[in-house]
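Me: I would like to learn how to read a fold from its coordinates. Can we go feature by feature?

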Amino acid sequence: MGDYRRIADRIADDIATGRLKPGERLPPQRAFARRRGIAGSTAGRVYGELVRRGLVVGEVGRGTFVRAAPVPSGRALAEPATTAPVNLELNYPTAPGQSELLSPGLAPLLRPDVLTDALRTAPAAGTAPAREAVAALLATPGFRPAPSRLLFAGNARQAIAGALASLVRPGGRVGVEALTYPLVKEIAGRLGAVLVPLATDADGLRPDALAAAHRTAPLSAVYVQPTLHNPTSLTMGNGRRRELADVVRALDLPVVEDRIWSFLAGPAAHGEHAGLDPLAAYAPERTHVVDGLSKRVAPGLTAGFLVVPEGRQEAVAQALRSGGWTAGRFALEASVRWITDGTVDRLVAAKRADAAARQRLVAEHLAGFAVRADPRAYYAWWELPAPWRADTFTAAAARRGIAVTPGPAFQVAVARGSAAVPAPGAVDAVRLGLASAPRQELAWALRTLAAVARSAP
């Protein structure tokens with residue numbers, strides 16, 4: 001068993017010293033095995049270990065290549081992980097005059113008598129005013145959560161962690177879209193859960209793929225982003241939501257539904273996406289809804305929300321408490337004031353308009369490229385033109401002072417024995433986070449990236 005790791009160490013040393021250069025193709029595994037005088041299965045473990053270390057990328061039908069840049073961890077999508085002047089990895093929207101809008105709601109909390117209560121701890125169930133305010137905030141035409149089913153975390157990422165920790169034991173399998181939120185990969189790793197990539201189509205997660213994966217080996221839960229999926233910005237229609245609800249009910253599977261970006265979809269939607277209710281409206285008895293204020297308001301003082309099925313409040317609350325993921329009371333008090341005085345609604349309206357303006361910049365500067373983006377979303381999924389690969393393009397962008405997220409950061413690997421290999425059907429793409437850079441800088445970055453894509457690697 002240790003032999004393959006020693007061979008991988010030698011290849012890693014060749015990469016570190018430059019004997020194997022970024023973008024260089026490794027020999028096919030059979031040829032590698034013959035040259036080294038090792039079994040084919042050992043060669044497979046060597047390549048799997050190099051993939052696990054982030055040193056090479058395996059591309060179905062094309063081979064295995066030395067990475068030009070490491071795939072960033074989920075940290076890159078939660079806090080700065082680069083010194084690039086223009087950061088299109090982070091995605092925290094800010095509305096004009098945001099601080100001026102927020103400060104009146106905070107001022108009353110600074111009175112000594114009010115501050116005394118606001119600095120006390122809060123239970124996982126929050127406070128009665130917080131439950132009422134958030135239930136109203138999350139309501140849609142066909143869905144209004146009962147306040148008694150609401151729990152609170154420090155942010156939406158912690159809400160996801162709490163929900164999954166309450167549902168999945170170490171070694172348990174969690175079905176996810178084949179491209180998924182990178183921090184879910186990190187959360188699963190810390191919980192000892194195994195992510196199972198599920199096929200999608202133009203309507204989103206395929207119910208038949210979910211059923212087939214569950215038949216192969218039982219799943220413990222499903223994590224899904226039905227509205228403005230990150231990174232592709234795809235939104236499931238009502239028909240697919242009903243089909244998915246029917247399948248999870250038939251399979252008796254719990255669901256974690258991530259709606260952190262759904263506030264952008266709003267009432268402006270038309271056609272099939274008009275009046276979309278969460279998946280929880282179709283399967284309330286098994287769906288855990290995750291949402292929060294970090295995108296609607298600001299990441300620094302926020303709260304995450306969990307709407308849990310009836311009878312699961314204590315199990316999920318215990319997971320939040322044991323993980324240290326419950327919300328701070330000061331943040332809850334501020335959230336209640338911002339929700340009830342209309343501040344959140346004003347910020348949401350401003351951010352919807354801002355996202356639309358930024359998508360117009362994408363349409364203008366990346367015209368002619370294969371870009372998947374909803375005109376309401378704060379991100380775009382760019383399928384790169386050949387011969388660019390995600391890692392080489394990311395490195396080229398960084399040399400010009402622009403940070404983007406390579407597609408493999410969102411890709412869920414398939415576990416095969418002791419190795420992890422990319423899921424089939426992956427494409428060379430990057431995600432562009434549009435929210436954080438000032439619009440003028442964003443326009444410059446998009447023009448620059450378009451010029452890079454038109455040039456040779």
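Me: Which way do strand S5 (residues 150-153) and S13 run, and how many bridges join them?

Reply: First, the ground rules. This is a predicted model, where local features need pLDDT of at least 70, side-chain atom pairs count only at pLDDT 80 or more, and totals for chains, interfaces and linings use all residues. Residues are numbered from 1 along each chain as its sequence is written, and side-chain values use heavy atoms, with hydrogens and water left out.
Now the general idea. Strands of a sheet pair through backbone hydrogen bonds, either parallel or antiparallel. Strands are DSSP runs of E, at least two residues, and helices are runs of H or I, at least four, numbered from the N terminus. Two strands pair if DSSP finds at least two bridges between them. Here S5 and S13 run antiparallel, joined by four bridges. Leu-150 has Val-307 as its bridge partner in S13.

Me: What pairs with S13 through Val-290?

Reply: Strand S12 (residues 287-292) pairs with S13, antiparallel, over four bridges. Val-290 has Leu-306 as its bridge partner in S13.

Me: Which residues of S13 point which way, and are they buried or exposed?

Reply: Start with the cut-offs: buried means under 20% relative accessible area, exposed over 50%, partly exposed in between, with a 1.4 Å probe and protein chains only. In S13 (residues 304-307), Gly-304 and Leu-306 point one way. Phe-305 and Val-307 point the other way. All are buried.

Me: What is the strand order of the sheet with S5 and S13?

Reply: The order is S5-S13-S12-S11-S10-S6-S7. These seven strands form an open sheet with mixed pairing. S5 and strand S7 (194-198) are the edge strands, each pairing on one side only. Neighbouring strands are turned by 25° against each other on average, direction ignored. For such angles, axes are lines fitted to C-alpha atoms, for helices over the stretch in contact, and angles run from 0 to 180 degrees between N-to-C directions.
A parallel pair sits inside this order: three bridges join strand S10 (residues 221-224) to strand S11 (residues 255-258). Val-222 has Val-255 as its bridge partner in S11. Helix H9 (residues 207-216) packs on the sheet. H9 touches strand S6 (173-177), S7 and S10, where contact means heavy atoms within 4.5 Å. The direction of H9 makes about 140° with that of S7.

Me: Which strands make up the four-strand sheet?

Reply: The order is S14-S15-S20-S17, an open sheet with antiparallel pairing. Strand S14 (370-372) and strand S17 (405-406) stand at the edges with a single partner strand each, so one side of each is left without a neighbour in the sheet. Five bridges join strand S15 (residues 379-383) to strand S20 (residues 429-433). Trp-382 has Val-430 as its bridge partner in S20. Helix H14 (residues 390-399) packs on this sheet, touching S15, S17 and S20, and its direction makes about 40° with that of S20.

Me: How many cavities of 30 Å³ or more does the whole structure have?

Reply: A cavity is a set of points, on a 1 Å grid over the protein atoms alone, where a 1.4 Å probe fits but cannot get out. Grid points are joined across faces, edges and corners, and a volume is the space filled by probe spheres set on the points. The search finds one cavity of 30 Å³ or more. The largest cavity has a volume of about 220 Å³. Lining residues have an atom within 4 Å of a point. Of the 16 here, the closest to the centre are Arg-157, Tyr-181, Ile-260, Trp-261 and Lys-295. Helix H7 (residues 156-167) gives the largest share of the lining, three residues.

Note on methods
1 Å grid on protein atoms, 1.4 Å probe; cavity = no way out; pocket = protein on both sides within 12 Å on 5 of 7 lines; lining within 4 Å.
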